[in-house]
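Visitor: I have a sequence and a model open side by side, and I would like to learn how to read them together. Could you walk me through it?

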Amino acid sequence: MPAPQVRETTAHSIGGGLGLLLTILGTLVGLGLIIGGGVLSSHGPGGLAAAMILVGILLMVVSLFCMTGVKMVAPGEARVIQLFGRYVGTLRIDGLRWVNPFTSATKISTRVRNHETNVLKVNDAYGNPIELAAIVVWKVEDTAQAMFEVDDFLEFVATQTEAAVRHIAIEYPYDSHDDGGLSLRGNAEEITEKLAAELTVRVQAAGVTIIESRFSHLAYAPEIASAMLQRQQAGAVVAARRQIVEGAVGMVEQALDRISEQGIVELDEERKAAMVSNLMVVLCGDRAAQPVLNTGSLYQ
């Protein structure tokens, strides 16, 4: 982004109450001079009466014109002051303030705002079509940059947010096939931090600060959602089976060690193999085991 040509400065102003009081006093004095000149002119024509009326009219016009310099600033708002098109400063102090009546004041909100993108359809790092949307929390930090560096800072933030979300989506997969890889679904906190960092750089020219960013919608596109659901289910089944097998092996090992330590029965290698096979079938099977009574020996 190009370097900013203007930065926010504080506009010169005085208390609005004092400015309003002075303008009202000037209006009353002007009105009094007009009335006094009219009374004098009723007794006979004279230069003093005409001068009083003229000065009173000028004083009233000037006072009423100066009254337009009183600006009201609400909390969470700022007024960008321009003098004949030139930026002269920003009013941030809430309440009534009086500035040069020849200036113009543009109201701009400095409150915290939310922007939610539309649901975007993009391809992730593996080329799978996905749908995602994001919510960005931001506020105007530099009112001068927001007003003069970009054409419309609201549209600028919206466009740059969509561009950043699309860029993040194509950089990372929805689900990572690698154990240490980042993914949109599995590492949402890390990804949104990267999104906020990229957005900060993109909207810096508009004097905007990014406070927080979050994904509000993340899913596979409908055309591949069913296939990806089967893949996720298969992965879950494999992970569950792996955990079951690891637990079963530990239980079988513990059973053999206790039988050997307590001398319950002497088992040769073939009997141990048969016992391990039976225990693994019982522990890893999906259905309840059906006991089979062997009335003979293992070798007959």
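**Reading the model, feature by feature**

Guide: Let's begin with a sheet: three strands in the order β1-β5-β2 make up an open sheet with antiparallel pairing. Its edge strands are β1 and β2 (70–73), each of which pairs on one side only. This is a predicted model, in which local features need pLDDT of at least 70 and side-chain atom pairs count only at pLDDT 80 or more, while totals for chains, interfaces and linings use all residues. Residues are numbered from 1 along each chain as its sequence is written, and side-chain values use heavy atoms, leaving out hydrogens and water.

Visitor: What counts as a strand or a helix, and how many of each are there in the protein?

Guide: Both are DSSP runs, numbered from the N terminus: helices are H or I with at least four residues, strands are E with at least two. The protein has seven helices and 10 strands.

Visitor: And when do two strands pair?

Guide: They pair if DSSP finds at least two bridges between them. Here β1 and β5 run antiparallel and are joined by two bridges; Gly15, for example, has Arg97 in β5 as its bridge partner. Another antiparallel pair is β3 with β4, this time over five bridges. There, Gln82 has Tyr87 in β4 as its bridge partner.

Visitor: What lies between β3 and β4?

Guide: The two strands form a hairpin with two residues between them. Look at Phe84 in the turn, where phi is positive, about 55 degrees. As a general idea, most residues other than glycine have a negative phi. Phe84 is a residue other than glycine with a positive value.

Visitor: Is Phe84 buried or exposed?

Guide: The cut-offs rest on relative accessible area: buried is under 20%, exposed is over 50%, and partly exposed is in between (1.4 Å probe, protein chains only). Phe84 is at 70% relative accessibility, so it counts as exposed. Across the 300 residues of the protein, 31% count as buried.

Visitor: Which residues does Glu77 touch?

Guide: A contact means heavy atoms within 4.5 Å. Glu77 lies in strand β3 (residues 77–83). Leaving aside residues up to four places away in sequence, Glu77 touches Leu91, Arg92, Lys107, Ile108, Ser109, Thr110 and Arg111. For the protein, residues 24 or more positions apart account for 69% of the contacts with a separation of 6 or more.

Visitor: How should I read charged pairs, and how many salt bridges does the structure hold?

Guide: Side chains of opposite charge can pair when their charged atoms come close. The rule for a salt bridge is a side-chain nitrogen of Lys or Arg within 4 Å of a carboxyl oxygen of Asp or Glu. The structure holds six salt bridges. In one of them, Glu77 pairs with Arg111, the closest N and O atoms being 4.0 Å apart. Glu77 lies in strand β3 and Arg111 in the loop between β6 (103–109) and β7 (113–116), so the pair ties together parts that are 34 residues apart in sequence. Glu77 is buried, at a relative accessible area of 15%, whereas Arg111 is partly exposed at 42%.

Visitor: Where are Glu8 and Arg92 in the chain?

Guide: Their side chains meet in a salt bridge at 2.6 Å, N to O. This pair links distant parts of the chain, 84 residues apart: Glu8 is in the segment before β1 (14–15), and Arg92 is in the loop between β4 (86–91) and β5 (95–98). Glu8 is partly exposed at 23%, and Arg92 is partly exposed at 37%.

Visitor: Which residues are linked in a network of salt bridges?

Guide: Glu189, Glu212 and Arg214 are. Within it, the closest N and O atoms of Glu212 and Arg214 are 3.4 Å apart. Glu212 is partly exposed at 35% relative accessibility, and Arg214 is partly exposed with a relative accessible area of 35%.

Visitor: Last one: which residues make the nonpolar surface patch?

Guide: Patches are made of residues with over 30% relative accessible area and no salt bridge; like charges are joined within 9 Å, and nonpolar side chains (Val, Leu, Ile, Met, Phe, Trp, Tyr) within 5 Å. Ile14, Leu18, Leu21, Leu22, Ile24, Leu25 and Leu28 make a nonpolar patch of about 620 Å². Helix α1 (residues 16–43) contributes the largest share, six residues, and Leu22 lies in this helix.

Terms used. Accessible areas come from the Shrake-Rupley method with a 1.4 Å probe; for residues, only the protein chains shown count as cover.
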